[in-house]
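Hi there,

Here is the structure I promised to pass on to you. Have a look at it first, and then read on for my notes.

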Amino acid sequence: MNARSLMKKLLVAGMLLALSGAAFAAEPTAQQTKMKTCNAEATGKKGEERKAFMKQCLSAKPAAPAAAAEPEIPLSQQNKMKKCNNDAVGKKGDERKVFMKACLSAK
């Protein structure tokens, strides 16, 4: 086996390793999360009872998120800048400067 052939094989192996690592690092899809939740809830059920439960559970629509359940997460500086820029549309000169200063310093 010559050096060139060995290098090609190592390159291919490295690429495959990198691609397989990326596949495992991906976030689970909504369907995968739902499947995991339904499986956990079906613990103890067997046969037709489990089959019926899984069918019902997997076909159910997700519940609407509760708006007041979690406190509001502060915006990152970059997102705050985007929001303030969008809110400042139509303002010019000193009016815009005053608005942007107040908007960006708000918590």
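**The disulfides**

About the S-S bond of Cys84 and Cys103 the torsion is about -85°, so this disulfide is left-handed. Cys84 belongs to helix 4 and Cys103 to helix 5, so the bond ties together parts that lie 19 residues apart in sequence. The sulfur atoms of Cys84 and Cys103 are 1.9 Å apart, and both of these cysteines are buried. Please keep in mind as you read that this is a predicted model.

How many disulfides does the structure hold? There are 2, and the other pair is Cys38 with Cys57, whose sulfur atoms are 1.9 Å apart. The torsion about the S-S bond of Cys38 and Cys57 is about -85°, so that disulfide is left-handed. Here Cys38 sits in helix 2 and Cys57 in helix 3 (residues 47-59), so the pair ties together parts that are 19 residues apart in sequence. Cys38 and Cys57 are both buried. If you number the bonded cysteines of the protein in sequence order, the pairing reads 1-2, 3-4. As a reminder, a disulfide is a covalent bond between the sulfur atoms of two cysteines.

**Helix 4 against helix 5**

Two packed helices are described by the angle between their axes and the distance between the axes. For helix 4 (residues 77-87) and helix 5 (residues 93-105), the angle is about 145° and the axes are 10 Å apart. The crossing of helix 4 with helix 5 is right-handed.

Which residues make this contact? Helix 4 contributes Gln77, Lys80, Met81, Cys84, Asn85 and Asp87, while Arg96, Phe99, Met100, Cys103 and Leu104 come from helix 5. Sorted by class, the contact of helix 4 with helix 5 has 6 nonpolar, 2 polar and 3 charged residues. Cys84 and Cys103, the disulfide partners, are among the residues in this contact.

Finally, take a look at Gln31, which is found in helix 2 (residues 30-41).

Enjoy exploring the model, and do write back with any questions.

Best wishes

Methods: Residues numbered from 1 in each chain as written. Predicted model: local features only at pLDDT ≥ 70, side-chain atom pairs only at ≥ 80, totals over all residues. Heavy atoms only, no water. Helix = DSSP H or I, 4+ residues; strand = E, 2+ residues; numbered from the N terminus. Axes fitted to C-alpha atoms, helices over the stretch in contact; angles between N-to-C directions. Left-handed = near helix turned anticlockwise from the far one by under 90°. Contact = heavy atoms within 4.5 Å. Nonpolar A, V, L, I, M, F, W, Y, C, P; charged D, E, K, R; others polar. Disulfide = S-S within 2.5 Å. Buried < 20%, exposed > 50% of the residue type's maximum accessible area, 1.4 Å probe, protein only.
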